[in-house]
Amino acid sequence: MNAVAVTDHNELDGAYKIAKETDFLVIPGMEVSSTDGHIVALNVKELIPRGFSASETVQRIHKADGVAIACHPYAYFKGSLKRKVCETFDAIEIINARAFPFKRSVKKATETANRLNLSRVGGTDAHYGPQIGYGYTVIEAEEASAEAIAKAIVEGHCQPFGQAVPFTLNLMQEFERVKRRLT
Ligand SMILES: [Zn+2]
């Protein structure tokens, strides 16, 4: 991997903080809870507020010079957009390595990408380090920078790859979460 997108739920500070602390290329962003479902705002310069409709949220992401991605649009238990994905999105997440049921999610997202002619990306939606890399996007960018990667995604110079995160790693995530709560 050459870069990683950091997209905390409804928070932007953590992504910019980690981007400063590491030499590894970080594409800062956030995952916004719209009233219609989750939306990834990549490379935004300011916080995108939660609680607006999907179309309003996409407009706000564009105003903040960001890339609006319909993440895990058909996954169960994740706050998915389903039919609220529309052509104003810059991209759709075809492969989300933690989507359940995985194959159905990929198939439905692919159908929507075909129908709306959207750029396609993949990611893990990792909430635990060792999950990173199961879903990924191959990007043809002019250079290794957040700006160039954002531009390449908007222009469709990207392709999703990956597989579902193994069950044991999702279990480890839960274990770590419980451990954090108890300590
Ligand atoms: Zn989500």
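Predicted model: local features only at pLDDT ≥ 70, side-chain atom pairs only at ≥ 80, totals over all residues.
Residues are numbered from 1 along each chain as its sequence is written, and side-chain values use heavy atoms, with hydrogens and water left out. Helices (H or I, at least four residues) and strands (E, at least two) are DSSP runs, numbered from the N terminus.

Two strands count as paired if DSSP finds at least two bridges between them. Strands of a sheet pair through backbone hydrogen bonds, either parallel or antiparallel.

Strand 1 and strand 2 pair in the parallel sense, over 7 bridges. H9 stands opposite E31 in strand 2. Contact here means heavy atoms within 4.5 Å.

Strand 5 and strand 6 run parallel, joined by 5 bridges. N96 has G123 in strand 6 as its bridge partner. The chain crosses from strand 5 through helix 3 to strand 6, and this β-α-β crossover is right-handed. That label applies if, with the strands pointing away from the viewer, the path from the first strand over the helix to the second runs clockwise. Strand 6 is mostly covered, with 4 of its 5 residues buried. Buried means under 20% relative accessible area, exposed over 50%, and partly exposed in between (1.4 Å probe, protein chains only).

E31 also belongs to the metal site. The zinc ion is coordinated by E31 (OE), H38 (ND1) and H72 (NE2), at 1.7 to 2.2 Å. Along the chain, these donors follow the spacing E-x6-H-x33-H. The histidine pair links distant parts of the chain: H38 sits in strand 3 (residues 37-42), H72 in the loop between strand 4 (67-70) and strand 5 (91-96), 34 residues apart. Both H38 and H72 are buried. Donors are N, O and S atoms within 2.8 Å of the metal (3.2 Å for Na, K and Ca); water is not among the atoms, so sites may look incomplete.

H38 leads on to S33. S33 is found in strand 2 (residues 25-34). S33 counts as buried because its relative accessibility is 14%. Leaving out residues up to four places away in sequence, S33 touches N10, H38, R50 and G51. R50 lies in the loop between strand 3 and helix 2 (54-63). With 54% relative accessibility, R50 counts as exposed.

Helix 2 comes next. Its buried residues are A54, T57, V58 and I61. They cover an arc of only 100° around the axis, which puts them on the same side of helix 2. The arc is that of the directions from the helix axis to the C-beta atoms. What covers these buried residues includes strand 2, strand 3 and strand 4.

Last, the backbone. Most residues other than glycine have a negative phi, and most peptide bonds are trans. Just after helix 2, D65 takes a positive phi of about 60°. K82, in the loop between strand 4 and strand 5, has a positive phi of about 50°. K82 is partly exposed, at 43%. N117 lies in the loop between helix 3 and strand 6, with a positive phi of about 55°. At 70% relative accessibility, N117 counts as exposed. The peptide bond from F100 to P101 is cis, with omega near -10°. P101 lies in the loop between strand 5 and helix 3.
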